Amino acid sequence: MASAEELLLIHWLPRQRWFAGKDRPVTAVRVSGSAELFPGLRFVVLDVEQGSATDRYQLYLGVGEAAPGGLIGPVGPGTVVYDAVHDPALASVLLDRIDAETSAGALRFRRAPGVALDTAAGGRPLGAEQSNTSLVYGTSHILKLFRRLSPGRSPDLEINLALTSRASPYAPAVHGWIELDEGDEPVTLALLSAYVPGAADGWELATARAASAESFAAEAAALGEATAAVHRDLAELFDVRETTSADLAALVDAMRAQLDETSRTVAELRPHAEAIGAVFDTVRALDDPPPLQRVHGDYHLGQALYTGDRWVLLDFEGEPARSPAERRAPSPALRDVAGMLRSFDYAAHASDADASREPSPGASSWAEETRAAFLRGYSSAGGAAVHPDLLHALELDKAVYEIRYEAAHRPAWLPIPLNALSRLTTTRQN
Ligand SMILES: Nc1ncnc2c1ncn2[C@@H]1O[C@H](COP(=O)(O)OP(=O)(O)O)[C@@H](O)[C@H]1O
Ligand SMILES: [Mg+2]
């Protein structure tokens, strides 16, 4: 029998920004684990059943006479349950416990070696909630709570720890984490990082420049350099291997599979499908292919902060739709380059798309200049050799992914990737 709390959660959950299963009805939820952090406040693992699939989410549930925010609903006379990430008391307790490296039930709080935490700083949720919820502590730390749980150590923690071990200036230092001990490899629940104060979000910065036709070339070149430095570090910190012809064949097959599937549902893609497929096929016989290595995996302008003289890269979780094993699998570094180049194209055309206008010529030349500057920075800082055919194919693959996404979720923006197709299938770019 479902508890009163579970009955409330089944309705509340699908309305949350970070809930990943909005496309299918929730058939059942079950609290499968919990630990009390202090009276009236519990950590909870929620098993969420959607037909035959079950996902796990972490929640922090408060119970009291009133909710400080995040009301979920009443659970008894004069008693409500609420999402406690809005409760400053929870934020303080999490940081204190990381500092003290305690445990609660199967929860383990870990502090990075040699780090002093600013436990006096109060925590507040970061405004724009996306796929996760982050708590910011003054200007010292940021704690990202992974809402949906994946098995094992999160790639975000894994990669950031590795980059922290060599004091990379291009990633925030790891200050600690929270994990769930389940016998096998512990599941990462949260990542505490150094907060980068006063930095601008790359997407906000780039779209503002594009809208006012101001150059972004200097920043893009610096971002290219930062990307190359991080790629070099990842190649030294994790396994690297030669690309075989079987790898190339598998890559092309995957790109073609997505193309076929998307062509079936999006009619506007069909006239381009043959030309796109031909570009993909050039990759099968690529001469001297670059090696495969760990990459960012979900690289775009919204995953980078600019301090005014340095870029800091964020969110090394990899592509959310992929399995943990796929996210860890070595990949061409140019996949990240392609992701960022597509992001420049989006930034250039975002204001036209918002206003349902034809793409302006100024936007296209802004995108060209930005792209060239990024690639210049990437190459000058010793990034992976840029194989034009491979880069081209990866950009097209990303554009096909975007077409599928926009057709389903944001039709007003569908012209952005569609307009990119003709350019990407007719011109050779470096
Ligand atoms: N170390 C940091 N310093 C300052 N702001 C950060 C930091 N890490 C993340 N942020 C902010 O939080 C947002 C979300 O972080 P991210 O790691 O990308 O999480 P999500 O998985 O929710 O996308 C970022 O876009 C950025 O604005
Ligand atoms: Mg992110």
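**Close-up views: salt bridges and a helix contact**

At 4% relative accessibility, Asp352 is buried (under 20% relative accessible area, with exposed over 50% and partly exposed in between; 1.4 Å probe, protein chains only). The model is predicted: local features need pLDDT of at least 70, side-chain atom pairs count only at pLDDT 80 or more, and totals for chains, interfaces and linings use all residues. Residues are numbered from 1 along each chain as its sequence is written, chains are lettered from A and ligands numbered from 1 in the order in which they are written, and side-chain values use heavy atoms, with hydrogens and water left out.

**View 1. Asp352 pairs with Arg357.** The two side chains form a salt bridge, with the closest N and O atoms 3.0 Å apart. The term requires a side-chain nitrogen of Lys or Arg within 4 Å of a carboxyl oxygen of Asp or Glu. Arg357 is partly exposed at 48% relative accessibility, whereas Asp352 is buried at 4%. Elsewhere, salt bridges with shared partners join Lys144, Asp156, Asp315 and Glu317 into one network. The count by this rule is 31 salt bridges.

**View 2. Glu158 meets Arg294 in a salt bridge.** The N to O distance is 3.1 Å. The pair links distant parts of the chain, 136 residues apart. Glu158 sits in helix H3 (residues 155-165). Arg294 sits in the loop between strand S15 (292-293) and strand S16 (304-306). Helices (H or I, at least four residues) and strands (E, at least two) are DSSP runs, numbered from the N terminus. Arg294 is buried, at a relative accessible area of 5%.

**View 3. Asp397 and Arg335 form a salt bridge.** Here N and O lie 3.6 Å apart. Asp397 belongs to helix H11 (residues 388-409) and Arg335 to helix H9 (residues 334-354), so the bridge ties together parts 62 residues apart in sequence. Asp397 is buried, with 10% relative accessible area. Arg335 is partly exposed, with 24%.

**View 4. Helix H3 packs against helix H5 (residues 217-237).** Their axes are 10 Å apart, at an angle of about 100°. Axes are lines fitted to C-alpha atoms over the stretch in contact, and angles run from 0 to 180 degrees between N-to-C directions. H3 is therefore roughly perpendicular to H5 (65 to 115 degrees). Ile159, Ala162, Leu163 and Ser165 of H3 meet Val230, Asp233, Leu234 and Leu237 of H5, where contact means heavy atoms within 4.5 Å.

Methods
Angles under 35 degrees count as roughly parallel, over 145 as roughly antiparallel, 65 to 115 as roughly perpendicular and the rest as oblique.
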